[in-house]
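Please examine the sequence and the model shown below.

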Amino acid sequence: MRHTIRLALPASLFALALAACAPAPIYKPTPNNVSVPPSQVSREPERYGNADVIWGGRIVQVRNFSDHSEIEVLSYPLDGSQRPKADDTGAGRFIASMPGYVESLDYPSGGLITVAGRLNGSRAAAVGQAPYTFPLVSVNQSHVWTAKEMQGGHPNVSFGVGVGVIR
């Protein structure tokens, strides 16, 4: 029993240290939040009405209009820090609608983004030649992830033997 406790204590401390490395989620879900992927909302847009979502993925393109901008996003599941898991399978597409002008250099094609906002209907369009129903999200908050942020939170722990000098 003592031997088990001696082994369990360091293991639990190590696990706690690794957990402390993970950044916290950037957006807090609202009571109106739904946890469904865009592909599901695309199939049944009327079912989700004006629900709030936190979605993310890879930016496909930015389109600017006279009073708003739209960002087409290929959705990916989010990790615990709400970063898109771009190595996972895509979960559909959505259009993030933002007021005013959005600089496409700040939202580059291929960049990773997370948005928090409210579902605001859908739009029938096409992806290539295939018909597709895009859920529309009125964005309240958005974050474009840097390469450094995407790597952040991964365990960066190393072990070694060193020599210390006391003066």
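A residue is called buried if its relative accessible area is under 20%, and exposed if that value is over 50%. In this predicted model, F134 has a relative accessibility of 2% and therefore counts as buried.

Five of them close into a barrel, in the order 1-2-3-5-4, with mixed pairing. From one strand to the next, the twist averages 45°. Strands of a sheet pair through backbone hydrogen bonds, in either a parallel or an antiparallel arrangement. Strand 3, comprising residues 93-99, and strand 5, comprising residues 130-145, run parallel and are joined by three bridges. A96 has V137 in strand 5 as its bridge partner.

Which aromatic side chains pair with one another? The structure holds two aromatic pairs. In one of them, W55 and F94 adopt a tilted arrangement, with 5.1 Å from centre to centre and 55° between the planes. This pair links distant parts of the chain, since W55 belongs to strand 1 (residues 52-64) and F94 to strand 3, 39 residues apart. With a relative accessible area of 4%, W55 lies under the 20% cut-off and is therefore buried. F94 is likewise buried, because its relative accessible area is 0%.

Y132 and F134 form an edge-to-face pair, with ring centres 4.9 Å apart and 75° between the planes.

Key: Residues numbered from 1 in each chain as written. Predicted model: local features only at pLDDT ≥ 70, side-chain atom pairs only at ≥ 80, totals over all residues. Heavy atoms only, no water. Pairing = 2+ DSSP bridges. Helix = DSSP H or I, 4+ residues; strand = E, 2+ residues; numbered from the N terminus. Axes fitted to C-alpha atoms, helices over the stretch in contact; angles between N-to-C directions. Phe/Tyr/Trp six-rings, centres within 6.5 Å; stacked < 30°, edge-to-face > 60°. Buried < 20%, exposed > 50% of the residue type's maximum accessible area, 1.4 Å probe, protein only.
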